[in-house]
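Please look over the sequence and the model shown here before reading the report that follows.

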Amino acid sequence: MSKVFVIDTHKQPQAPVHPGRARLLLTAGQAAVWRRYPFTIILKTAIKQPSLEPLRLKIDPGSQTTGLALVQDATGEVVWAAELTHRGKRIKGRLDRRRALRRSRRQRKTRYRKPRFQNRHSRQGRLPPSLESRVCSILTWVARVIRLTPIGAISQELVRFDSQRIQQPEISGSAYQQGTLAGYEIREYLLEKWQRACTYCGATGAPLQVEHIQSRARGGTNRVSNLCLACEPCNLTKGTQNIRDFLATRPEVLARVLSQAQTPLTDAAAVNASRWHLFERLKATGLPVETGSGGLTKYNRSQRNLPKCHWLDAACVGTSTPEQLAVAGVVPLLIEATGHGTRQMCGTDEHGFPTRHRQRKKVHWGYQTGDLVRAVVPRGKYAGVHVGRVLARATGSFDIRTKQGRQQGINHRHCRPIHRNDGYSYQKGVPYAGPAIPST
Ligand SMILES: [Zn+2]
């Protein structure tokens, strides 16, 4: 069950409560809604609250979506969960566009100037803006959650596979066994080693199976140097054939597979730069930070018979994961980073020529674009109740983006704010229903 965050009269975090209890407090007038997303109530008077049990905030950082879960270590209860969708790709797109625009302007207007791009240098250990935004939005949410609920520790998935656990896989000859923790680590290791693609046909996206280069029937071992990844069609076609017969018509693939099979992967492949950055900056919060590997996360998840999704992956990060995770009825909050608009004062057409100018003012009639509002329109073409994201105009005639579509020309007088724009948009996820979904 997803719980409701509570802060006391001094805005200090209290233990989260059951939604039913929150409803009672709200109807009795003992509390008020403090924030809509994530749903938080503020107590109006000093009421005796359940004792503070610090929770563990667990993070599974992904390139597009990051899973967040708040877990009570002692009981295994998942108190709150969220999936945070990043905007790294959009940032890169915008920067590319800006670069092209400036380059063409310099070509047109100041062609005589000497190039200056070579006397620039960037700060040491700098992340590219798209990755920096991923790290920053995760840290934003860590800070928000810390303000709303007592947090005792943080768990983060840091590496893809734990090379300590598979001990120099190619050299010491650790063997793959399906279903064991080491087996999961080796699977992640193989995914990294073969670039998450079928070794034989290069297919990505399809489920990949662990494949013996020299098949078991022909005396091939389970050692990592004899393993690669194949999609199902390739795996079936190859069967127990000798690799040299199977790839007889494609000698370049054969040469690549044989040489790559013998090359061990370096440890550096297990971590990526933005996860390290995140780890260093999570440590700066002063809370103990536990780290886990992707292999361990998958192992934990399949041991507990949980399906694959970002917030459940987050709940399964690290060795501290409780034996039983109580996840029934948890409704993940789907958060999407939308940014805070643009600073550009002058919009251009596709050739870089200025076509439109913006006002310095962002707030019109008390609303700014991105606020979530509820509009009750008494009469006219758009009579009815509309809830959604507002597009504020200086004229006072707003557009509201609702689930039913865009409602145009709604007067600001009919609107009431629900949630002020804070750089993110929100949706309710699907409640987690069944406990047991067979893992693959
Ligand atoms: Zn294939």
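## Basis of the model

This is a predicted model, in which local features need pLDDT of at least 70 and side-chain atom pairs count only at pLDDT 80 or more, while totals for chains, interfaces and linings use all residues. Residues are numbered from 1 along each chain as its sequence is written, and side-chain values use heavy atoms, with hydrogens and water left out.

Strand β1 (residues 4–7) runs parallel to strand β4 (residues 40–43), and three bridges join them; I7 has I42 of β4 as its bridge partner.

## The seven-stranded sheet

Another open sheet, also of mixed pairing, has seven strands in the order β11-β8-β5-β6-β7-β12-β22. At its edges stand β11 (289–293) and β22 (424–428), each of which pairs on one side only.

Within this sheet, β5 (residues 55–60) and β8 (residues 151–159) are paired in the parallel sense over five bridges, and the bridge partner of K58 in β8 is S155.

## A partly exposed valine

V385, which lies in strand β18 (residues 384–391), counts as partly exposed because its relative accessibility is 48%, the class between buried (under 20% relative accessible area) and exposed (over 50%), with a 1.4 Å probe and protein chains only.

Note on methods
Pairing = 2+ DSSP bridges. Helix = DSSP H or I, 4+ residues; strand = E, 2+ residues; numbered from the N terminus.
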